[in-house]
Amino acid sequence: MRLKRVSEELELFPTQPPPRPTSETPPEVPSDAPLAERMRPRVLAEVRGQEHLLGPGKLLRSMVDAGRIHSLLFWGPPGTGKTTLARLMAREVDLSFIALSAVLAGVKDIRAAVESARVRQQATGRATLVFVDEIHRFNKSQQDALLPHVEAGLFTLIGATTENPSFEVNAPLLSRTRVLTLSSLTREAMAEILERASCDPERGLGLAPEDLSPTARDALIAHAQGDARIALGTLEIAAEIAVGRKDTIIEPEHVLEAAQRKSLRYDAQGDQHYDIVSAFIKSMRGSDPDGALYWLVRMLEAGEDPKFIARRMVIFASEDIGNADPEALRIALSVKDAVHFTGLPEGRIPLAQGVTYLATAVKSNASYRALGAATEEVRSSGSLAVPLHLRNAPTELMKEQGYGEGYEYPHDFEGNHVASNYLPETLHGTRFYEPGGQGHEETIRDRLRGWRNAVKGKVGSG
């Protein structure tokens, strides 16, 4: 739906109060508008889904019943009713409604909306709700332009975003609004929406209940992934395909043709990106090759850069497998090189090989934990002096000052090891790396235990 500019949505300088919209006087929608737009709920009672906000006694329902809407941020996936809810709430409590899109609007549009709200309040006493779609796309200065007017109560703000507000909305604006999470529509809600759209003779397709087969309905629900807009748009095209073929019932093949290919929800810069990457890593860490392969394919099918996936695998090989299986890092690096060399689609094959190896490898994060412990120590104790016996002595003066004195060259001793201390004096005996008992680290643990005991014995005898 094309966004209306402020001047189109609302008179900037009204001379008389506009008629209050009610459920009896819904806004006009052209008969040739897309099905999703025609079926947009006209009153809150028509909204399906979001029961955790709209059910009896729940937050949004309580606000509407009390006749007072507070400034809010609606956070949720596309097609869950964010715009519709904001518009209907404004109608229910008799607020003027101004819609802005952060994609199209700038500071000038914000100022126009502010002035419109001020003039309308002075002229009619009617308050205003300003709705900002995709508010995460506003930059800092644009978000700051809203702040004083929200704080002063000139208008109520409802922002809609598909991105995590904690990262995308300024802290001052975030502190003056309440974040409400909208969920993808449930299967039951989607089924009700599709049934109403297919059977409604006024705004919908005017079909008989049996004209949409249960299997086609299920295919629509699966394709839409909780997005009502996608479900209704696909239904409308599927119905046109069925009519064109002179078929009497909408079947799954019509839905498949209308959908062409499922568009996987995945934003390379957004929450879905990080959520799926997180699931991918955690599946490998949990030694589940099936889960890891599923999330790998989800990323690839959605267009993720395979080099990004390979980088994550290299990091995982060191962080979560480490010395329990040193081969893991070599394989991850080989996968990275293979993907770079072959590209897609062939690069999917070495990616799958690498993922299954990493997922089924013996796990240890001992090296990663050792890095964290050493980092914490360095940041805590600062620049401790290097022991004299570990210092280099390239000049006679340095030798005279004791640089390098007492250093024992390990290769001159049996087993290429000599019991010595290699930490600053105040850290003698500190342990950062504690190998586990799995895989190759069991061998490392036994070897290291012997070396450390020799150092203890030498210190004790000294």
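Is D94 buried, partly exposed or exposed? Select it and see: D94 is partly exposed, at a relative accessible area of 27%. Here, buried means under 20% relative accessible area, exposed means over 50%, and partly exposed is in between (1.4 Å probe, protein chains only).

Before moving on, note that this is a predicted model, where local features need pLDDT of at least 70, side-chain atom pairs count only at pLDDT 80 or more, and totals for chains, interfaces and linings use all residues. Residues are numbered from 1 along each chain as its sequence is written, and side-chain values use heavy atoms, leaving out hydrogens and water.

Stay on D94 and check its backbone: phi is near 65 degrees, a positive value in a residue other than glycine. D94 sits in the loop between α5 (82-92) and β2 (96-101); helices (H or I, at least four residues) and strands (E, at least two) are DSSP runs, numbered from the N terminus.

Next, pick S287, in the loop between α14 (271-285) and α15 (289-301). Phi of S287 is also positive, near 60 degrees, and S287 is partly exposed, with a relative accessible area of 39%.

Now select α13, residues 252-259, and colour H254, V255, A258 and A259, which are buried. Look down the axis of α13: its buried residues fall within an arc of 125 degrees, so they line one face of the helix. That arc is taken from the directions from the helix axis to the C-beta atoms. Show α11 (214-224) and α12 (228-244) too, since the buried residues of α13 pack against both (contact means heavy atoms within 4.5 Å). Just after α13, Q260 has a positive phi of about 65 degrees.

Last stop: P345, in the loop between α17 (327-342) and α18 (348-360). The peptide bond from L344 to P345 is cis, with omega near 10 degrees.
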